[in-house]
Number of protein chains: 2
Amino acid sequence: MKEKKMRSMMHEFLVLGCVLLGILGNVSAGITSSFVRSEFPAVDMPLDHEVFAIPSGYNAPQQVHITQGDYDGKAVIIIWVTPSEPGPNIVKYGTSENKYDYTAQGSKVKNYTFYNYKSGFIHTCLVKDLEYDTKYYYEIGEGDSARSFWFKTPPKIDPNAYYKFGIIGDLGQTFNSLSTLEHYIESGAEAVLFVGDLSYSDEHEYSENGERWDSFGRFVERNLAYQPWLWIVGNHEVEYLPEINEVEPFKQYLYRYPTPYAASESSSPLWYAVRRASAHIIFLSSYSPYVKYTPQYEWLLAEFKKVDRKKTPWLFVLMHSPLYNSNSAHYMEAESMRVVFESWFVKYKVDLVLAGHVHAYERSPDYSAFREASYGHSTLEIMNKTHAFYHWNRNDDGKKVETDSFVLYNQYW
Amino acid sequence: MKEKKMRSMMHEFLVLGCVLLGILGNVSAGITSSFVRSEFPAVDMPLDHEVFAIPSGYNAPQQVHITQGDYDGKAVIIIWVTPSEPGPNIVKYGTSENKYDYTAQGSKVKNYTFYNYKSGFIHTCLVKDLEYDTKYYYEIGEGDSARSFWFKTPPKIDPNAYYKFGIIGDLGQTFNSLSTLEHYIESGAEAVLFVGDLSYSDEHEYSENGERWDSFGRFVERNLAYQPWLWIVGNHEVEYLPEINEVEPFKQYLYRYPTPYAASESSSPLWYAVRRASAHIIFLSSYSPYVKYTPQYEWLLAEFKKVDRKKTPWLFVLMHSPLYNSNSAHYMEAESMRVVFESWFVKYKVDLVLAGHVHAYERSPDYSAFREASYGHSTLEIMNKTHAFYHWNRNDDGKKVETDSFVLYNQYW
């Protein structure tokens with residue numbers, strides 16, 4: 001096992017380090033849960049596990065995943081991979097099952113190499129001008145290899161729109177990751193705010209690294225082909241590996257997980273913002289420059305000024321490394337970002353700051369309100385412009401157990 | 001005047017914010033000089049000033065500047081610009097005047113656009129396998145347009161090697177910049193450690209921005225064609241300008257000011273290290289990622305482990321934004337880097353941390369030992385493995401006045 005692997009033992013599970021600023025409602029403060037994981041570290045599912053199965057048919061599209069494609073939720077980006085040849089680069093879609101009235105053209109098909117791995121053909125297709133609050137069916141591929149899915153657009157931007165988000169981070173592809181994903185799918189949430197660390201491919205041997213990006217894509221397709229996840233980078237996306245001459249940060253991630261960054265006038269896919277239902281959501285990179293004079297800093301300052309709490313009363317910020325963290329793992333690792341952005345988050349009355357990285361759940365109104373060394377997922381259910389419900393659901397021997405919840409009062413209203 | 005210009009009023013002068021860690025010798029502590037600049041902010045020299053003169057002859061090479069080209073000082077990189085066509089892409093050189101026994105081939109000639117500016121043809125030529133402590137003559141261009149210069153290689157790496165560095169930052173192209181450069185040239189120092197902010201071209205109108213990079217290159221050629229400057233980026237190199245669709249950080253800088261980064265196994269020209277005489281010198285970027293997991297962090301950790309104080313007893317670090325700064329301008333702006341690297345600088349017994357940015361001189365053994373709101377340059381004269389002399393020389397109505405000096409005792413020996 002490589003030294004790099006040993007260094008980050010706490011790998012591959014769904015985890016959430018959740019950081020909240022401000023007044024968080026009527027929950028008692030300062031709880032450390034007595035729960036102890038039965039399996040730690042978690043074990044990766046083997047590559048021949050059914051969750052990684054390759055779809056049948058020659059050159060069938062695989063690893064289908066979608067994300068929001070614009071600023072306001074009327075577009076999606078659909079990404080998929082074809083293994084043998086580029087194949088058709090279009091998405092057929094419409095509002096009736098098996099009847100596709102529209103076609104969208106993908107952007108230029110890409111592939112890349114990483115060490116001795118050569119990727120499949122990566123398709124990225126923007127489907128825009130959609131109606132709000134509508135179910136769309138779509139098909140990619142052709143003939144026997146064609147595959148069809150659906151997604152639902154969010155309600156129009158409205159201060160009192162109801163919407164239920166899921167929150168997941170540090171997912172990986174272990175047996176526990178599967179529990180998390182299955183529990184999440186049952187939650188009824190409609191989109192995931194993903195706080196970084198997707199495939200953990202970098203914890204595998206170099207020769208398996210690229211393949212583990214593919215297997216992860218096939219594993220999460222069961223949900224990601226049907227609803228948008230909105231992602232940011234974690235440390236496992238950096239993949240700075242001078243020993244194999246792979247030194248371009250986020251190389252594999254950037255090929256595979258695009259974002260609608262230009263729609264929020266960002267200059268990089270690594271930081272961006274969207275509006276969805278009643279929420280304005282800001283996505284940051286913990287591993288890109290963020291000090292004064294740098295693009296992320298200048299962009300964030302401009303983006304905060306664009307927030308209109310009358311239209312989107314809820315303001316959330318995502319980053320990978322938590323500003324507050326009372327666990328020993330990764331303790332104070334984000335001080336470097338905290339000293340730059342903390343005062344802005346207070347000034348602009350951010351309702352929730354969501355982070356990952358620590359592989360344990362923690363909520364912090366004063367210092368730490370509730371923490372638990374567990375894996376699982378959260379949901380955030382926005383009821384209206386003043387109230388939202390937050391739930392933490394841990395994985396407990398494969399079962400979903402809700403162990404923390406609170407009412408969130410809007411910081412602005 | 002644009003908002004961006006107003007924001008950074010303190011522009012365009014030679015300035016040094018010098019930060020020292022540890023015991024700094026027998027100087028009294030806590031002095032604020034009573035000196036007041038007669039001209040502040042300084043005034044840019046007009047483009048028709050003789051210091052910006054274009055050399056005669058069709059397509060004559062201009063903006064000639066050199067930097068160290070390898071890890072140990074046996075190579076230089078020579079950079080120049082031809083205005084009309086690429087022209088010859090070679091350097092002729094040798095150890096006798098007007099007699100060039102050797103030829104080095106430049107790498108691919110480049111040019112670029114920036115807003116409505118189109119650059120000249122930028123040549124970059126590595127001249128390697130030089131002898132130590134030797135004067136070399138070189139010629140670029142051809143026919144009537146040929147131009148010749150010389151440089152001196154440093155002594156071989158040796159713990160007791162004598163060497164005199166200059167230290168300059170925030171230079172710009174004002175009348176005061178000219179004073180600084182003239183004073184520096186008289187100092188007898190053999191190479192400059194440049195702490196960022198070169199041309200201040202970004203303080204000009206967009207339409208003049210590119211041209212001001214050219215004029216700066218012609219202005220500093222009087223020294224930079226004859227001795228290496230070792231540079232880092234400052235905030236004025238970032239040039240993130242979404243309003244004119246120029247958002248690639250450091251774009252113009254990277255075309256014009258290469259570094260020997262690969263020689264120190266860095267993956268970016270923005271951070272690197274060299275050894276020169278008895279010094280190991282580390283060059284950092286204040287505006288690139290530097291937290292755990294990022295390339296600069298991982299690289300720096302590896303580089304510190306390569307330092308051999310028996311071979312190079314002196315260890316210096318350069319960055320643009322100072323970790324300690326008691327001036328109100330830019331106060332605590334580098335906290336974000338301080339929380340990441342400060343403990344390493346102590347652990348690895350760095351002798352000097354040199355920074356710029358503040359447009360005032362300050363030295364800080366405890367908190368602030370000496371500060372003065374002046375422009376000027378410093379020299380660092382390494383006597384042997386235990387002692388070095390540091391001098392701050394301000395510009396005082398065009399005269400050079402030495403106002404701070406101290407003996408530096410090596411932190412390791």
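**Where chain A meets chain B**

Guide: Let's start at the contact: 2 salt bridges are counted between chain A and chain B, a salt bridge being a side-chain nitrogen of Lys or Arg within 4 Å of a carboxyl oxygen of Asp or Glu. Before we go on, please keep in mind that this is a predicted model, in which local features need pLDDT of at least 70, side-chain atom pairs count only at pLDDT 80 or more, and totals for chains, interfaces and linings use all residues. Residues are numbered from 1 along each chain as its sequence is written, chains are lettered from A and ligands numbered from 1 in the order in which they are written, and side-chain values use heavy atoms, with hydrogens and water left out.

One salt bridge pairs K292(B) with E333(A), with 3.7 Å between the closest N and O atoms. There are also 7 residue pairs in polar contact between chain A and chain B, both residues at pLDDT 80 or more. A polar contact is a pair of N or O atoms within 3.5 Å; within protein, one must be able to donate a hydrogen and the other to accept it, and residues adjacent in sequence count only if both atoms are side-chain atoms.

On the side of chain A that touches chain B, the elements giving two or more residues are α5 (295-306) and α6 (335-347) of chain A. Helices (H or I, at least four residues) and strands (E, at least two) are DSSP runs, numbered from the N terminus. The largest share of that side, 4 residues, comes from α6(A). By type, the residues on the side of chain A that touches chain B are 13 nonpolar, 8 polar and 6 charged. Here Ala, Val, Leu, Ile, Met, Phe, Trp, Tyr, Cys and Pro count as nonpolar, Asp, Glu, Lys and Arg as charged, and the others, Gly among them, as polar.

How many residues does each chain bring to the contact? Chain A gives 27 residues and chain B gives 27 residues, where contact means heavy atoms within 4.5 Å. About 2100 Å² is buried between the two chains, 67% of it from carbon and sulfur atoms. Buried area is the accessible area (1.4 Å probe) that two parts lose on being put together, summed over both.

Now pick out W299(A), which sits in helix α5 of chain A. W299(A) is buried, at a relative accessible area of 4%; buried means under 20% relative accessible area, exposed over 50%, and partly exposed in between (1.4 Å probe, protein chains only). Leaving aside residues up to four places away in sequence, W299(A) touches a set of residues that includes W271(A), Y272(A), I282(A), L284(A) and, from the other chain, Y240(B). W299(A) and S268(A) are 31 residues apart in sequence, and their C-alpha atoms are 10.0 Å apart.

The loop between β16 (279-283) and α5 of chain A holds Y293(A). Y293(A) is not a glycine, yet its phi is positive, near 85°. Y293(A) counts as buried at 12% relative accessibility.

Cross over to chain B and look at its own helix α5 (residues 295-306). This helix has 12 residues and reaches 17 Å from its first C-alpha to its last, close to the 16 Å expected at 1.5 Å a residue; the expected span is 1.5 Å times one less than the number of residues. Which residues of α5(B) are buried? They are P295(B), Q296(B), Y297(B), W299(B), L300(B), E303(B) and F304(B). Their cover includes β15 (272-276), β16 (279-283), β17 (314-318) and α6 (335-347) of chain B.

To set the contact in context, 32 salt bridges are counted over all chains. One of them joins R147(A) and E221(A), with the closest N and O atoms 2.6 Å apart. R147(A) lies in strand β11 (residues 147-152) and E221(A) in helix α3 (residues 206-224) of chain A, so this pair ties together parts that are 74 residues apart in sequence. R147(A) and E221(A) are both buried.
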